[in-house]
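Student: May we go through this structure together, one packing question at a time?
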Amino acid sequence: MSFCRVFYTTYKHILVPSLPRELRCLSLQAGAATPRNMSLNEAKKIAAYRAVDEWVKTKTAVGIGSGSTVVFAVDRLAERVKQEGLEVVCVPTSFQARQLIVENNLVLGDLDRYPKLDVAIDGADEVDKDMVLIKGGGGCLLQEKIVASCAEKLIIIADYTKNSQKLGEQYKKGVPIEVVPMAYVPIREKIQQLFGGELKLRMAVAKAGPCVTDNGNFILDWHFPQSADFNWTEVNRDLLLIPGVVETGLFVNMATKAYFGMADGSVKTQEK
């Protein structure tokens with residue numbers, strides 16, 4: 001016997017389906033439902049919806065991050081604009097974010113006109129127990145950090161796989177470091193000399209050669225030694241002092257609050 005059971009999560013007065021349409025019908029055997037963990041996309045969605053509902057107010061300027069989780073945040077923001085008549089200006093952190101804003105008919109802004117933002121909502125590749133972030137897996141770290149630095153609050157949205165006690169515990173692709181192309185080899189050697197580990201030049205997927213950022217730079221992914229107990233504030237500072245390093249994917253003392261969509265359908269929050 002099978003029938004459709006729809007699960008809902010309540011955000012204020014709005015009921016939002018927790019599962020996509022094709023997953024809402026669950027087969028029941030022997031008259032009892034088998035518990036089901038949320039997919040990563042479902043977890044991202046509930047985190048994004050809750051963050052947007054709690055932090056985005058009318059007549060504000062909002063920084064829009066990059067990545068897969070932010071897609072759900074923009075979807076929810078567009079819904080609220082239609083349903084509640086919110087007046088918000090959206091400042092993007094990448095070409096992808098700009099396209100999301102335009103495609104959802106939201107008001108597009110920039111830092112020239114809105115140098116001070118009320119809040120920025122962005123994803124993260126990993127968040128440790130001290131709210132230190134690794135960002136830049138999608139190659140947008142420089143603009144993401146600029147926009148985050150202009151926001152009064154930086155709100156992080158992610159699924160449960162991004163929540164760690166220590167950086168590198170779950171995210172295994174290293175710390176992205178955006179560098180001037182002509183200097184990537186000496187920078188790579190300098191970082192290895194200072195901190196150890198291995199640095200790899202990120203290669204493009206759909207083109208021959210290295211990945212090129214929106215700013216025309218290369219990215220080195222630093223696979224740092226897991227056994228080291230780094231002070232990330234000092235590491236970030238020392239990396240930025242190397243000539244040719246444009247920015248790092250270490251976001252230290254920047255995030256206000258993080259929302260993690262969990263496998264059981266709940267949302268875990270973390271603050272420093």
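Tutor: We may begin with a helix. In α6 (residues 232–240), W232, V235, N236 and L239 are buried, where buried means under 20% relative accessible area with a 1.4 Å probe, protein chains only. Helices are DSSP runs of H or I of at least four residues and strands are E runs of at least two, numbered from the N terminus. This is a predicted model, in which local features need pLDDT of at least 70 and side-chain atom pairs pLDDT 80 or more, while totals for chains, interfaces and linings use all residues. Residues are numbered from 1 along each chain as its sequence is written, and side-chain values use heavy atoms, without hydrogens and water.

Student: Within what arc do the buried residues of α6 fall, seen down its axis?
Tutor: The arc is that of the directions from the helix axis to the C-beta atoms. The buried residues line one face of α6, because they fall within an arc of 100°.

Student: Which strands does α6 lie across, and at about what angle does it run to β15?
Tutor: The buried residues of α6 pack against elements including α4 (141–149) and α5 (184–195), contact meaning heavy atoms within 4.5 Å. Axes are lines fitted to C-alpha atoms, for helices over the stretch in contact, and angles run from 0 to 180 degrees between N-to-C directions. α6 lies across β12, β14 and β15, and its angle to β15 is about 160°.

Student: In what order do the 4 strands of the open sheet stand?
Tutor: Two strands pair if DSSP finds at least two bridges between them. The pairing in this sheet is antiparallel, and the order is β13-β14-β12-β15. β13 (198–201) and β15 each pair on one side only, which makes them the edge strands.

Student: Which residue of β14 is the bridge partner of P176?
Tutor: β12 and β14 run antiparallel and are joined by 5 bridges. In β14, the partner of P176 is D221.

Student: Is K145 buried or exposed?
Tutor: K145 is found in helix α4. Among the residues it touches, not counting those up to four places away in sequence, are N236 and T248. At a relative accessibility of 9%, K145 counts as buried.

Terms used. Buried < 20%, exposed > 50% of the residue type's maximum accessible area, 1.4 Å probe, protein only.
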